[in-house]
Amino acid sequence: LDGFRLARETAECDGDETRMLIPGGFLSLAASSVGDDENVTLTSDGKTVVLKSPFATLKCGLLSGEYVNVAKIIPDTFKTECLVKRMDVLDALKSAGAIMGGEKLVRLRISGHTMTVSGNSEMADYEAEIDCDCRSDAPLNIAFNSEYLRDALSTIETDEVVMRMDGP
């Protein structure tokens, strides 16, 4: 959580459960220093965390205080669930950015089997329709910062994603 974006990742671990507030910059550095299939060991004395891999040892001070309870922010059920090809959405977002110049706001309209990505600026309007498999109580109109949405979709490695939304 950085004030604009929120991500949740779950990983299997051996050992006792513990809670730590680890700075995001340290996690980014650790991710770039450790291979995808590489096992790591995390240890903490309550003030620092040490990450050990076969090729690197990283140490960082822990943050103090309580972190946001992500389980309370991300609901278990959603009003709209939309299965879509990840690259279709990414391509539409990239095209919208190129056509609209510096404008970052895009709107998604999800209805039935169609997701419409649209945006407008002083220079141009953009609209693209994407096939999707959507389960929804009603059509949904929602706006996103296209860069944040592109960042999220760019980190995912699957061909299809399920976008879940609880309302506009």
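This is a predicted model: local features need pLDDT of at least 70, side-chain atom pairs count only at pLDDT 80 or more; totals for chains, interfaces and linings use all residues.
## Overall fold

The chain has four helices and nine strands. Read from the N terminus, the elements run α-β-β-β-α-β-α-β-β-β-β-α-β.

Take the contacts in the chain with a separation of 6 or more: 62% of them join residues 24 or more positions apart.

## Dimensions and surface

How does the radius of gyration of the chain stand against that of a compact globule of 168 residues? The chain has 20 Å, whereas such a globule would have a value near 15 Å. The C-alpha trace spans about 55 × 35 × 30 Å along its principal axes.

Of the 168 residues, 29% are buried. The accessible surface of the chain is about 11,700 Å². Carbon and sulfur atoms hold 48% of that surface. The chain carries 17 positive and 29 negative charges.

## Helix 4

Helix 4 covers residues 146-155. Which of its residues are buried? They are Ser146, Leu149 and Leu153. Seen down the helix axis, these buried residues fall within an arc of 65 degrees, so they line one face of helix 4.

The buried residues of helix 4 have several partners. They pack against helix 3 (86-100) and against strand 5 (105-111), strand 8 (140-145) and strand 9 (160-165).

## Leucine 153

Leucine 153 sits in helix 4. Is leucine 153 buried or exposed? Its relative accessibility is 4%, and the cut-off for buried is under 20%, so leucine 153 counts as buried.

Leave aside the neighbours within four places in sequence. Leucine 153 is then in contact with Arg86, Val89, Leu90, Leu93 and Val161. Helix 3 spans 86-100 and strand 9 spans 160-165, and both are elements that the buried residues of helix 4 pack against. Valine 34 is 119 residues from leucine 153 in sequence. Their C-alpha atoms are 22 Å apart in space.

## Leucine 58

Leucine 58 belongs to strand 3, which runs over residues 57-61. Leucine 58 has 15% relative accessibility and counts as buried.

Which residues does leucine 58 touch, not counting those up to four places away in sequence? They are Phe26, Leu29, Ala30, Ser33, Val49, Val50 and Leu51. Threonine 116 is 58 residues from leucine 58 along the chain. The C-alpha atoms of this pair are separated by 45 Å.

## The loop between helix 3 and strand 5

Two glycines in this loop can be set side by side. Glycine 101 lies between helix 3 and strand 5, and glycine 102 has its place in the loop between those elements too. Glycine 101 is partly exposed, with a relative accessible area of 33%. Glycine 102 is exposed, with a relative accessible area of 67%. The labels follow from the cut-offs: exposed means over 50%, and partly exposed lies between that and the 20% limit for buried.

Glycine 102 and serine 121 are 19 residues apart in sequence and 8.3 Å apart in space. Glycine 101 and glutamate 129 are 28 residues apart in sequence and 20 Å apart in space.

Conventions. Residues are numbered from 1 along each chain as its sequence is written. Side-chain values use heavy atoms; hydrogens and water are left out. The radius of gyration is taken over C-alpha atoms; the globule rule is 2.2 Å times the number of residues to the power 0.38. Buried means under 20% relative accessible area, exposed over 50%, partly exposed in between (1.4 Å probe, protein chains only). Contact means heavy atoms within 4.5 Å. Accessible areas come from the Shrake-Rupley method with a 1.4 Å probe; for residues, only the protein chains shown count as cover. Lys and Arg count as positive and Asp and Glu as negative; His and the chain ends are not counted. The place of a charge is taken as NZ of Lys, CZ of Arg, CG of Asp or CD of Glu. The arc is that of the directions from the helix axis to the C-beta atoms.
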